[in-house]
Amino acid sequence: MAQPERRSTTGKSHGIDSVATDERSADAESAFFVSPSAPQNTVLAILFALSFSHLLNDTMQSLLPAIYPLLKTSFHLSFTQIGLITLTNQLTASLLQPLVGLYTDRYPKPYSLAVGMGFTLAGLVLLGLAVHFAMILAAAALVGMGSSVFHPEASRVAYMASGGRHGFAQSLFQVGGNAGTSFGPLLAALVIVPGGRIEVLWFSLVALTGIVVLTKVGHWYRENTYRLKPPSKASPGGSPIHSRKVAVALTVLVVLVFSKYFYLTSMTSYYTFFLIQKFQLSVQSSQYFLFVFLFAVAAGTFIGGPLGDRFGRKHVIWASILGVAPFTLLLPYANLVEAGILTVFIGVILASAFSAIVVYAQELVPGNVGMIAGLFFGLAFGMGGIGSAVLGKLADETSIAYVFQVCSFLPLLGILTWFLPDVEKKQADI
């Protein structure tokens, strides 16, 4: 009678261990980022790494508009030229993002995130060393190119790591970016304004930190590309919504993004000038008010995604775009204290829409996560850039106060949310 093979269990276990070890052997240092759970589980380590990287990326991105008053004085710029800087920065981002997303939907590039941060690093160095307006425009273009690579790819990885909690994952990713955007003016007030534009070079260390973190995220991305496969029920029929309704819905979403980002760019590019002109604040004091607004935007971004998962994304879009209108209409006529309070409400309410819009669109067009993310991030940047240039020209022709009066009506376009189909209800029926 043959002896029991005691080594059979051990051998089996060893075989499993060998396979698991082989899958991770090339990237031992990324073990922290590998989910020990089933593929459908949310990988929080990756989501936090992406959110942190987004914080670093958007902190550096927001340094550019934060030092506009400094650039205006140093280079004797008009408001039209200030608008051109934003236009250059945000058009390079907006035009490239959908193309990057479309390409990487077909051919995933795990380490493109770190490459994108490298473009931002180059732009910061050039901004710190610029000696004429053309160099500032080139720096703005490089920083925009960094965003064009970072946002669609990072949004895709967040989708991969979401475990089905798409709104939560998108919000957690987005909140890092909005927090970073709020830190830009604060750091500009504390570091750059007192020391001069050359102090921008210190932020190259932030970019290097981002490259290290995103390289590790790239290791996880490379080992988990199977998570990109769409659910089986979505693949045969595509979107459960009729193609004509999808086209209408995407058009409405584009108009809502226009409304949101034209208003946001009036705040990020010209709010400091509005405060300086109306209340005679110093540049440094106006930066603190801008920080409060942008921090409120970060809070609203985090709130919007989970609310969309729970109550439906269409309801969040309704409440966010249209619900902010009473506050924007009051802002141009408020005193300084009231303006500070109103901008907190505006930031929280208005920002809650974007995560819901992105995930809603991804559910409308399943299987194109990167392309949709790139399209809407690109639209956000493009609308912001065009808005900044248009509003800068309007400010030169009229006044900053008039710009804020005109922009206060933009959230009323939120009424168009009525035409969006109920995606979640349709998906529940299939």
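Visitor: How many helices and strands are there in the secondary structure?
Guide: The secondary structure of the protein comes to 16 helices and 0 strands, where helices (H or I, at least four residues) and strands (E, at least two) are DSSP runs numbered from the N terminus. This is a predicted model, in which local features need pLDDT of at least 70 and side-chain atom pairs count only at pLDDT 80 or more, while totals for chains, interfaces and linings use all residues. Residues are numbered from 1 along each chain as its sequence is written, and side-chain values use heavy atoms, with hydrogens and water left out.

Visitor: What share of the residues counts as buried?
Guide: Of the 430 residues, 53% count as buried; buried means under 20% relative accessible area, exposed means over 50%, and partly exposed is in between, with a 1.4 Å probe and protein chains only.

Visitor: Which residues touch the most other members of the largest nonpolar core?
Guide: Leu71, Ile85, Leu253, Phe376 and Phe404 do, in a core of 108 residues. Helix 9 (residues 243-279) gives the most to this core, with 17 residues. A nonpolar core here is a set of buried Ala, Val, Leu, Ile, Met, Phe, Trp, Tyr and Cys residues joined through side-chain atoms within 4.5 Å.

Visitor: And what does isoleucine 85 touch?
Guide: Leaving out residues up to four places away in sequence, isoleucine 85 touches Leu64, Tyr68, Leu71, Leu77, Phe133, Ile136, Leu137 and Ala140, a contact being heavy atoms within 4.5 Å.

Visitor: Is asparagine 89 buried or exposed?
Guide: Asparagine 89 is buried, because its relative accessible area is 6%. This asparagine is found in helix 4 (residues 79-106), and, not counting residues up to four places away in sequence, asparagine 89 touches Gln61, Leu64, Ala140, Val143 and Gly144.

Visitor: Switching to charges, how many salt bridges are there?
Guide: The count comes to 3 salt bridges, each being a side-chain nitrogen of Lys or Arg within 4 Å of a carboxyl oxygen of Asp or Glu. In one of them, the side chains of arginine 156 and glutamate 153 meet at 2.8 Å, N to O. Arginine 156 and glutamate 153 are separated by about one helical turn, because they are 3 residues apart in helix 6 (residues 133-160). Both arginine 156 and glutamate 153 are buried.

Visitor: What else does glutamate 153 meet through a polar contact?
Guide: The side chains of glutamate 153 and serine 112 are joined by a polar contact of 3.2 Å. Such a contact is a pair of N or O atoms within 3.5 Å; within protein, one must be able to donate a hydrogen and the other to accept it, and residues adjacent in sequence count only if both atoms are side-chain atoms. Serine 112 lies in helix 5 (residues 112-129) and counts as buried because its relative accessibility is 13%. A polar atom of the serine 112 side chain also lies 2.8 Å from the backbone oxygen of lysine 109.

Visitor: Where do lysine 393 and glutamate 397 lie?
Guide: Both lie in helix 14 (residues 369-397), 4 residues apart, about one turn of the helix, and they form a salt bridge whose closest N and O atoms are 3.5 Å apart. Lysine 393 is partly exposed, with a relative accessible area of 44%, whereas glutamate 397 is exposed, with a relative accessible area of 56%.

Visitor: What about helix 13, how many of its residues are buried?
Guide: Helix 13 is mostly covered, with 21 of its 29 residues buried. Helix 13 (residues 336-364) should span 42 Å at 1.5 Å a residue, and its end C-alpha atoms are 43 Å apart, which agrees; the expected span is 1.5 Å times one less than the number of residues. At the start of helix 13, a side-chain oxygen of asparagine 335 reaches to within 3.2 Å of the backbone nitrogen of valine 337.

Visitor: How many aromatic pairs does the structure hold?
Guide: The structure holds 13 aromatic pairs. Phenylalanine 327 and phenylalanine 345 form a stacked pair, 5.2 Å centre to centre with 5° between the planes. That pair links distant parts of the chain, 18 residues apart, with phenylalanine 327 in helix 12 (residues 325-330) and phenylalanine 345 in helix 13. Rings of Phe, Tyr and Trp (its six-membered ring) pair if their centres lie within 6.5 Å, and planes under 30 degrees apart count as stacked, over 60 as edge-to-face and the rest as tilted.
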